[in-house]
Amino acid sequence: MTWFSLPALLGGIVIGFSGLLLLIGVGRIMGVSGILNNLLSKKGMTDWRLLFVVGLLISPWIYDVVIGSLPSVEVTQSVPLLIIAGLLVGIGSALGSGCTSGHSICGISRLAPSSLIITGLFMLSGGIAVFILKHLIGG
């Protein structure tokens, strides 16, 4: 295992740059759960939200065209467990008024105290979930 990954570095730069573009261009803080949630409501349907989600969906294709191959991903958990985890993340995002992209990427870069606290809670919750899955349930 190496500590440096060029694709991860480039991905982080692209995510940060897209958050900056959204803030400068539209005046909105990037948060995928909020963008998706508002896109699904009639009054929140805007061009920039639709373009943002389309960009998320086609970005693997663009990566494949530019780089030449997609990184391999191995999913080791069951589909029902992944669905439950996704629902819990959605509920947590709604309770926390934002998701990891909104709080951890954009909120911390703005030094928002709530984002610092919520990102800490995200990390703590993730650690607890991994401990339960790996050591108590044995998944």
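Among the contacts in the protein chain with a separation of 6 or more, 30% are between residues 24 or more positions apart; a contact means heavy atoms within 4.5 Å. The model is a predicted one, in which local features need pLDDT of at least 70 and side-chain atom pairs count only at pLDDT 80 or more, while totals for chains, interfaces and linings use all residues. Residues are numbered from 1 along each chain as its sequence is written, and side-chain values use heavy atoms, with hydrogens and water left out.

**Whole chain**

Display the protein chain as a cartoon: there are 6 helices and 0 strands, in the order α-α-α-α-α-α from the N terminus. Helices (H or I, at least four residues) and strands (E, at least two) are DSSP runs, numbered from the N terminus. The C-alpha trace spans about 45 × 40 × 30 Å along its principal axes. Of the 139 residues, 17% are buried, where buried means under 20% relative accessible area, exposed over 50% and partly exposed in between (1.4 Å probe, protein chains only).

**Helix α1**

Select α1, residues 6-25. This helix has 20 residues and reaches 28 Å from its first C-alpha to its last, close to the 28 Å expected at 1.5 Å a residue; the expected span is 1.5 Å times one less than the number of residues. Just after α1, Gly 27 has a positive phi of about 80°.

**Helix α3**

Move to α3, residues 47-67. Its 21 residues should span 30 Å at 1.5 Å a residue, and the end C-alpha atoms are 28 Å apart, which agrees. Where does α3 bend? The helix bends by about 45° at Ile 58, and Pro 60 follows within four residues. The bend at a residue is the angle between axes fitted to the seven residues ending there and the seven starting there. Ile 58 itself is partly exposed, because its relative accessible area is 38%.

Next, show the side chains of Trp 48, Arg 49, Phe 52 and Val 53, the buried residues of α3. They pack against α1 and α2 (32-40).

Return to the surface and colour the nonpolar patch, whose members include Met 45, Leu 50, Ile 58, Trp 61 and Ile 67. Together the patch residues have about 1100 Å² of accessible area. Patches are made of residues with over 30% relative accessible area and no salt bridge; like charges are joined within 9 Å, and nonpolar side chains (Val, Leu, Ile, Met, Phe, Trp, Tyr) within 5 Å. A salt bridge is a side-chain nitrogen of Lys or Arg within 4 Å of a carboxyl oxygen of Asp or Glu. Just after α3, Gly 68 takes a positive phi of about 110°.

**Helix α4 and beyond**

Select Leu 81 in α4 (residues 79-95). Leu 81 is partly exposed, at 27% relative accessible area. The 17 residues of α4 should span 24 Å at 1.5 Å a residue, in agreement with the 24 Å between its end C-alpha atoms. Ser 97, which follows α4, has a positive phi near 55°.

Finish at Leu 111, in the loop between α5 (100-109) and α6 (113-137). Is Leu 111 buried or exposed? Leu 111 counts as exposed, because its relative accessibility is 66%. Its phi is near 55°, a positive value in a residue other than glycine.

Key. Areas by Shrake-Rupley, 256 points an atom, 1.4 Å probe, with all protein chains shown as cover.
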